[in-house]
Amino acid sequence: MKKSHILAIAVIAVAIGIIMSTVGDASVYVSFREARERAADGNLTKVHVVGRLPRDGQKNIMGLEYNPTLDPNYFAFTLVDTNRIAQRVIYFNPKPQDFDKSEQVVITGAMRNDVFVADKILLKCPSKYVEKDLKGATASR
């Protein structure tokens, strides 16, 4: 065999290895109900859950638990998924910056007992361009 053939086979083998390793890490978007069902079946693969933070009349987030002086790597909160199911979430890292301002939250993790343990938190913050600010703006010529 020529050296170019051996090199091509090696490149293909490495590409297949990379593809196979990323397929195992892929996770799906589910609701809290489905995450509970997966955990009950023994499936502990990571999943994504999209939800909103419950707020009171003054628009304060309800159910936040974070005390950095006591334990800076323990952050707990309640998240309501798209099916309006509320679930307690624990994140063993510091509270993300601008968490209080977020409109929507995407968490990655798995159910453990009756709590969702998150590995990652992605925040969707409100747009910096609010409609009321755009009303007075005009295009310059």
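Which residues of the largest nonpolar core touch the most other members? They are Phe77, Leu79, Val89, Phe99, Ile107, Phe116 and Ile121, out of 19 residues in that core, where a nonpolar core is a set of buried Ala, Val, Leu, Ile, Met, Phe, Trp, Tyr and Cys residues joined through side-chain atoms within 4.5 Å, and buried means under 20% relative accessible area, computed with a 1.4 Å probe and protein chains only. H2, S2, S4, S5, S6 and S7 each supply at least two residues of this core. In soluble globular proteins, nonpolar side chains tend to be buried together.

The model is a predicted one, in which local features need pLDDT of at least 70 and side-chain atom pairs count only at pLDDT 80 or more, while totals for chains, interfaces and linings use all residues. Residues are numbered from 1 along each chain as its sequence is written, and side-chain values use heavy atoms, with hydrogens and water left out.

The protein has three helices and seven strands, these being DSSP runs numbered from the N terminus (H or I of at least four residues for helices, E of at least two for strands), and along the sequence they follow the pattern α-β-α-β-β-β-β-β-β-α. Of its 141 residues, 26% count as buried.

In helix H2, which spans residues 32-40, the buried residues are Phe32, Ala35 and Arg38. They lie on the same side of H2 because they cover an arc of only 120° around the axis, the arc being that of the directions from the helix axis to the C-beta atoms. Their cover includes strands S1 (28-29), S2 (47-52), S4 (75-81), S5 (86-91), S6 (104-112) and S7 (115-124). After H2 comes Gly42, with a positive phi near 90°.

In the loop between S1 and H2 sits Ser31, which counts as buried because its relative accessibility is 9%. Apart from neighbours within four places in sequence, Ser31 is in contact (heavy atoms within 4.5 Å) with Asp81 and Asn83.

Strands S4 and S5 run antiparallel and are joined by six bridges, two strands being paired if DSSP finds at least two bridges between them. Within this pairing Leu79 stands opposite Gln87 in S5, and in the hairpin, which has four residues between the strands, Arg84 takes a positive phi near 65°. S5 and S7, by contrast, run parallel and are joined by three bridges, with Phe116 in S7 as the bridge partner of Val89.

Notes: Buried means under 20% relative accessible area, exposed over 50%, partly exposed in between (1.4 Å probe, protein chains only).
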